[in-house]
Amino acid sequence: MSGIDVHTAIDIDKHSATTYAHNHPATNLLVADVQAISTRSIHAIQRAARPNVVFGGPPCQGFSYSNPRHRRRTNPNNWLFRHFLRFVEILNPDWVVLENVPGIRDTANGYFLASVISGLSQLGRRVRHGLLDAADYGVPQHRRRYFIVAHRPNIDFTLPVPTVNVHVTVNEAIRDLPQLPNGNTICKREYGTSPPSPYARGLRGRSKFCYNNLVTRNNSAVVERYQFIPQGGNWTDIPKELMSTYRNLSQCHTGIYHRLRPDAPAIVIGNFRKNMLVHPSADRGLSIREAARLQSFPDHYRFHGSIGFQQQQVSNAVPPLLAKSVFDSISRAHTTT
């Protein structure tokens, strides 16, 4: 989307890799653990691509506020940034981009963020870092993510300023999609009858049909709970007797059973099946395509694997329009040096 040719991609998850290969057939895809990729293999990438940018996102679960038990130095996944730095050292790109959740700032009293910045500085890079909210860059979702951008000292760079003055709403994002029942299993459907917003038209492009319309089948007890939740409400609006299967309601966060407001950006599209994120007007969960729209994926982008793996891929993703804003800023700075 920013005109950058991605030569090589790496992912340990085979389902995400299948989706990536389908949508990016020209990219050299390695399905592997970065810890197992040899120095020789990285040098081979360097000889083939002469990369100008290395970008990635080490696992965020260990830095997330929703996983307090994992937010510590003893979590081995929290150290995978070292292998990211290993790639940077060998490939020696002009630009480095690392993305993670806001919690990376204070996990282990800021140790991991400081280590990343220090590592990049020791490799001769200037570092810019900060928190960006996807809604400020045209994504119909409040999703705050921490970006670290490193570059050679002779380059002048700042993180992108917001690109929109008025946020895109949930209604603008999904109103033209097909109406679906609870548990829909039909992937390919015609678009709905509501006219698309400018945002939706941009994502539809030339697509003739709408794919990935899968919806989790909730049982009758869950559907009954949905009926009590107003737009913008959550599990606290459900009668307590209908929540008896939850052992400790005090541990339910505000995102559980949240019904989206149509007139505002969505809350974070995390694990929307586990959190029971509710459609603005229908008593069901979100479809894969609705969640993808709220993440700003174009409609031609197809997700693969079982419904659970597709949901995870969508919820784990950096919103494409947010990523585009970061890389547009990099492209502008790179061409002016």
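I started with the lining of the largest cavity: Thr216, Asn218, Tyr226, Phe272, Arg273, Met276, Leu277, Gly285, Leu286 and Gln311. This is a predicted model, where local features need pLDDT of at least 70, side-chain atom pairs count only at pLDDT 80 or more, and totals for chains, interfaces and linings use all residues. Residues are numbered from 1 along each chain as its sequence is written, and side-chain values use heavy atoms, with hydrogens and water left out.

My note on terms: on a 1 Å grid over the protein atoms alone, a cavity is a set of points where a 1.4 Å probe fits but cannot get out, a pocket is an open set with protein on both sides within 12 Å along at least five of seven lines, and lining residues have an atom within 4 Å of a point.

I found 25 residues in it, and Leu260, Ile269, Phe272, Leu286, Leu294 and Phe303 have the most contacts inside. I noticed Phe272 and Leu286 line the largest cavity too.

I then followed Phe303: leaving out residues up to four places away in sequence, it touches (heavy atoms within 4.5 Å) residues including Thr19, Asn212 and Val314.

Last, I looked up the second largest pocket, at about 300 Å³. I saw 19 lining residues, with Ile174, Arg175, Leu177, Gln179 and His279 nearest its centre.

Conventions:
A nonpolar core is a set of buried Ala, Val, Leu, Ile, Met, Phe, Trp, Tyr and Cys residues joined through side-chain atoms within 4.5 Å. Buried means under 20% relative accessible area, exposed over 50%, partly exposed in between (1.4 Å probe, protein chains only). Grid points are joined across faces, edges and corners, and a volume is the space filled by probe spheres set on the points.
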